[in-house]
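Q: Hi! I'd like to talk through a protein model with you. Can we start with what counts as a contact, and then look at the structure itself?

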Amino acid sequence: MSAAGPGAAALADSPESWPVDRTSEVYRGAKTSTVVDWVRMPAAGGGHETVPRERLEHPGAVAALALDDHDRVLMIRQYRHAVRHRLWELPAGVRDEEGEPPVRTAQRELAEEAGYRAERWYELADFFPSPGFSSERIQVFLGRGLHALDEAEVAFTREHEEADLAAAWVPLAEAEAAVLAGRVHNGAAVIGVLAAAAAARAGFADLRPAPDAD
């Protein structure tokens, strides 16, 4: 089935919530939980039927794409046990501080994982990585005007996966080429790098300043 496009101005997702008859929690972990919703949905022959939908409740996450004055992206390499890979990523973390604005979380993660702060912050990308079964929302922020922090300013002890982080400055064009060649697989890194490359080609003219940035 085909139809005329909505036009750029109208191309926007919208909140919506179908009726839920009941919900049962299947599992609760340290930061996430899995529930089953019984949702009223349209039936093929007309009317409605109630069907189960599993849902991973997630607090959300942020990523920080730090871009220096030479158009290099600060990327980190970290082991991810679930996929049994060491992935190239952006400094990122779960929104686990109650009431902390997303950009503040991005600033904190950039400091803790990479030892940098940025003078200017912009909204770069905002997406649901797995909307078919998870409520997780990831927001990617672009940081410019970078300054290295002293060890005393970081005041954070890296442990477990983070104790084994490796970092590298990667030219934005090379990072984009790696994404397009299928060599980078982390979702926030893929989307953030492609968004930053598109913004760079437009001279960063359409970026939105991040609210609540220091």
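A: Happy to. Contact here means heavy atoms within 4.5 Å. Keep in mind that this is a predicted model.

Q: Good. Which residues is Ala 125 in contact with, leaving aside its neighbours within four places in sequence?

A: By that rule, Ala 125 is in contact with Ile 138, Gln 139, Val 140 and Ile 191.

Q: And where does Ala 125 sit?

A: Ala 125 belongs to strand β8, which covers residues 116–127.

Q: Is Ala 125 buried or exposed?

A: Ala 125 counts as buried because its relative accessibility is 15%, and the cut-off for buried is under 20%.

Q: What's the C-alpha separation of Ala 125 and His 85?

A: Their C-alpha atoms are separated by 24 Å, and the two residues are 40 apart along the chain.

Q: What does Gln 139 touch, not counting residues up to four places away in sequence?

A: Gln 139 touches Ala 61, Val 62, Ala 63, Arg 95, Pro 102, Ala 125 and Asp 126. One of those, Pro 102, is also among the buried residues of α1.

Q: Let's zoom out. How many helices and strands does the protein have?

A: There are four helices and eleven strands. The C-alpha trace spans about 60 × 45 × 35 Å along its principal axes.

Q: How much of the protein is buried?

A: Of the 214 residues, 36% are buried. As for contacts with a separation of 6 or more, 58% of them come from residues 24 or more positions apart.

Q: What does the domain assignment give?

A: It gives domain 1 as 20–57 and domain 2 as 61–209. Taken over C-alpha atoms, the centres of domain 1 and domain 2 are 32 Å apart.

Q: How many residues are in contact between domain 1 and domain 2?

A: Five residues of domain 1 are in contact with six residues of domain 2. The two domains bury about 390 Å² between them, with 48% of that on carbon and sulfur atoms.

Q: What about polar contacts and salt bridges there?

A: Three residue pairs are in polar contact across the interface of domain 1 and domain 2, with both residues of each pair at pLDDT 80 or more. The salt bridge count between the two domains is one.

Q: Staying with charges, how many salt bridges does the structure hold?

A: The structure holds 16 salt bridges. Side chains of opposite charge can pair when their charged atoms come close.

Q: Which residues are linked in a network of salt bridges?

A: Lys 31, Asp 96, Glu 100, Arg 108, Glu 109 and Glu 112 are linked that way. Within it, Lys 31 and Asp 96 meet through their side chains at 3.4 Å, N to O.

Q: What's the N to O distance for Asp 96 and Arg 108?

A: The side chains of Asp 96 and Arg 108 form a salt bridge at 3.8 Å, N to O. This pair links distant parts of the chain, with Asp 96 in the loop between β7 (92–94) and α1 (102–114), and Arg 108 in helix α1, twelve residues apart. Asp 96 is partly exposed, at 42% relative accessibility.

Q: And Glu 112 with Arg 108, how far apart are the closest N and O atoms?

A: They are 3.9 Å apart, and the two residues form a salt bridge. Both residues lie in helix α1, four residues apart, about one turn of the helix. An α-helix has 3.6 residues a turn, so residues three or four places apart point the same way. Glu 112 is buried, with a relative accessible area of 14%.

Q: Is α1 mostly covered or exposed?

A: Mostly covered, with eleven of its 13 residues buried. Among them are Val 103, Leu 110 and Ala 111.

Q: What span should α1 have, and what does the model give?

A: At 1.5 Å a residue, the 13 residues of α1 should span 18 Å, and the end C-alpha atoms are 18 Å apart, which agrees. Just after α1, Gly 115 takes a positive phi of about 75 degrees.

Q: Last one: how far apart are Glu 57 and Arg 55, N to O?

A: Their side chains meet in a salt bridge at 2.5 Å, N to O. Glu 57 is partly exposed at 33% relative accessible area, and Arg 55 counts as partly exposed at 25% relative accessibility.

Key: Residues numbered from 1 in each chain as written. Predicted model: local features only at pLDDT ≥ 70, side-chain atom pairs only at ≥ 80, totals over all residues. Heavy atoms only, no water. Salt bridge = Lys/Arg side-chain N within 4 Å of Asp/Glu carboxyl O. Buried < 20%, exposed > 50% of the residue type's maximum accessible area, 1.4 Å probe, protein only. Helix = DSSP H or I, 4+ residues; strand = E, 2+ residues; numbered from the N terminus. Expected span 1.5 Å × (residues − 1). Domains from an automatic or database assignment. Buried area = accessible area lost by both parts, 1.4 Å probe. Polar contact = N/O pair within 3.5 Å; in protein donor to acceptor, adjacent residues only side chain to side chain.
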